[in-house]
Amino acid sequence: MSVNAKKETEKEEIICINCPKGCRVEVEAENGEIIDMTGYECPLGKDYAAEEYKNPTRVLPTTVRVRGGEHPLVPVKSEKPISKGRLGQAMNELAEVEVKAPICVGDVVKEDIAGTGVDMVATRSVKKKANNRKTGKAV
Ligand code: SF4
């Protein structure tokens, strides 16, 4: 880097979610590299903020369609946090998913969502729709 090259510096505040204290960690970075962090009260917060700055992740909660169930949708979530950059692709993939009732809590509704290696699981059970005794058709 030349002596006159401008350094890109930024500050970002990240709230640690590892305990109810919710420390506000200020991350200072130069050209994308962390050069200082303040505001954390234990090593967990430092590690969390560093990871969140470099690769922010989120647990994805949403719903998918159900065929033959007593509800038309089932709530689902990613088993682990996935990269924020993959959330859009994950939602597109889930829009194509339709699962067949019955569904139990914890059932995998989609493996390896958006190539992350993380599975989407049901967070609620959905029973099969009851049949009409006379016609045998779902009611
Ligand atoms: S930095 Fe430590 S004390 Fe602060 S919120 Fe995170 S885990 Fe809790």
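Valine 59 counts as exposed because it has 11 C-beta neighbours inside 10 Å, where a residue is called exposed if 12 or fewer other C-beta atoms lie within 10 Å of its own, buried if there are 20 or more, and partly exposed in between, with the C-beta atoms placed from the backbone. This is a predicted model, in which local features need pLDDT of at least 70 and side-chain atom pairs count only at pLDDT 80 or more, while totals for chains, interfaces and linings use all residues. Residues are numbered from 1 along each chain as its sequence is written.

Valine 59 belongs to the loop between strand 4 (57-58) and strand 5 (61-67); strands here are DSSP runs of E with at least two residues, helices are runs of H or I with at least four, and both are numbered from the N terminus. Apart from its neighbours within four places in sequence, valine 59 is in contact with Lys77, Ser78 and Pro81, a contact being a pair of residues whose C-beta atoms, placed from the backbone, lie within 7 Å. Threonine 9 is 50 residues away from valine 59 in sequence, and their C-alpha atoms are 29 Å apart in space.

The chain as a whole contains 2 helices and 10 strands, and these follow one another along the sequence as β-β-β-α-β-β-β-β-α-β-β-β. The C-alpha trace spans about 85 × 35 × 20 Å along its principal axes, and the radius of gyration of the chain is 22 Å, whereas a compact globule of 139 residues would have one near 14 Å; the radius is taken over C-alpha atoms, and the globule rule is 2.2 Å times the number of residues to the power 0.38. Of the 139 residues, 18% count as buried. The chain is divided into domain 1 (9-54) and domain 2 (61-122), with bounds that come from an automatic or database domain assignment, and the centres of the two domains, taken over C-alpha atoms, are separated by 31 Å.

Strand 1 (residues 9-15) and strand 2 (residues 24-30) run antiparallel and are joined by 7 bridges, pairing being assigned if DSSP finds at least two bridges between two strands. Within this pair, isoleucine 14 has valine 25 of strand 2 as its bridge partner. Asparagine 31 is exposed, because 12 other C-beta atoms lie within 10 Å.

Terms used:
Contact = placed C-beta atoms within 7 Å.
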